[in-house]
Amino acid sequence: MKILDHLEEWIITLLMGGATLIIFLSVVHRYGTGMPIPYVQDYLLSLHFEWAQELAIIMFVWMAKFGAAYGVRKGVHVGVDVLVNRLPPEWRRFTVMLALVCGMLFTGIIGTLGLTFVWENGMHHAVYTLLGRDASEVPEGPTTPDLEWPTWLVYSAVPWASYLMCFRFMQVSWTFLRHGELPHHDESQVEGLSDDDHDELFAAAPAHGGAR
């Protein structure tokens with residue numbers, strides 16, 4: 001589970017950082033081509049960044065899908081639990097489990113429908129070609145406009161991330177059944193920093209209006 005957890009976090013981090021870097025370079029390129037600087041302007045005009053927007057959108061979509069699974073594991077999704085907290089303990093436990101089961105069913109169904117769509121959208125052809133089977137009667141599937149990537153590869157974020165999210169719901173359900181606890185994210189804490197580190201940071205910060 002630690003390997004899966006770290007892999008999930010690295011995927012989200014790399015996608016977010018990569019998309020941000022691509023957008024930054026694209027903006028710099030756009031403004032740089034409008035500056036009449038000899039040689040530099042010609043060089044920038046020779047570079048083609050038409051693909052940058054499309055790639056950034058794809059990366060943010062993948063990041064959002066895997067981020068949703070991360071949110072289930074960490075308990076960061078927004079929820080209104082006023083009514084649930086007012087229920088008797090036995091009803092509260094039943095309501096929480098019902099919500100978790102609904103989450104498992106929903107993400108499992110979305111993952112299966114997404115996998116079916118991806119398979120019929122060109123993955124079928126790619127798998128047959130990879131295995132050396134006859135794919136002449138199987139549609140190859142469309143490609144993206146700028147990058148010309150197979151769309152089934154781009155859309156595969158839906159089944160992969162949905163199944164991962166379903167698995168996270170299973171993990172949370174199992175923990176809740178055993179210990180009666182749900183993951184809860186403390187907004188006052190930052191991962192990687194201990195309480196002592198927080199105290200040192202606040203102590204080093206200048207005071208404003210008598211407050212640290």
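**Aromatic pairs and helix packing**

Q: Why are Trp62 and Phe66 separated by about one helical turn?
A: Trp62 and Phe66 are four residues apart in helix H3 (residues 52-74), so about one helical turn separates them. Helices here are DSSP runs of H or I with at least four residues, numbered from the N terminus. The model is predicted: local features need pLDDT of at least 70, side-chain atom pairs count only at pLDDT 80 or more, and totals for chains, interfaces and linings use all residues. Residues are numbered from 1 along each chain as its sequence is written, and side-chain values use heavy atoms, with hydrogens and water left out.

Q: How many aromatic pairs does a search of the whole structure find?
A: The search finds four.

Q: What makes the pair of Trp62 and Phe66 stacked?
A: Rings of Phe, Tyr and Trp (its six-membered ring) pair if their centres lie within 6.5 Å, and planes under 30 degrees apart count as stacked, over 60 as edge-to-face and the rest as tilted. The ring centres of Trp62 and Phe66 are 5.9 Å apart and their planes are at 20°, so the pair is stacked. Both Trp62 and Phe66 are buried (under 20% relative accessible area; exposed is over 50%, partly exposed in between, with a 1.4 Å probe and protein chains only).

Q: Which kind of aromatic pair do Trp91 and Phe94 form?
A: Trp91 and Phe94 are edge-to-face, with 90° between the planes and 6.1 Å centre to centre. They are three residues apart in helix H5, so about one helical turn separates them.

Q: Why is Trp91 called exposed?
A: Trp91 has a relative accessible area of 51%, so it counts as exposed.

Q: How do you know that the charged end of Arg93 sits over the ring of Phe176?
A: The test asks for NZ of Lys or CZ of Arg within 6 Å of the ring centre and within 35 degrees of the ring normal. The charged end of Arg93 is 5.2 Å from the centre of the Phe176 ring. Arg133 lies over the face of Tyr128, at 4.4 Å from the ring centre.

Q: Why is H5 called roughly antiparallel to H7?
A: Helix H5 (residues 89-130) and helix H7 (residues 157-179) pack at about 160°, with their axes 8 Å apart. That angle makes H5 roughly antiparallel to H7 (over 145 degrees; under 35 is roughly parallel, 65 to 115 roughly perpendicular, the rest oblique). Axes are lines fitted to C-alpha atoms over the stretch in contact, and angles run from 0 to 180 degrees between N-to-C directions.

Definitions and conventions:
Helix = DSSP H or I, 4+ residues; strand = E, 2+ residues; numbered from the N terminus.
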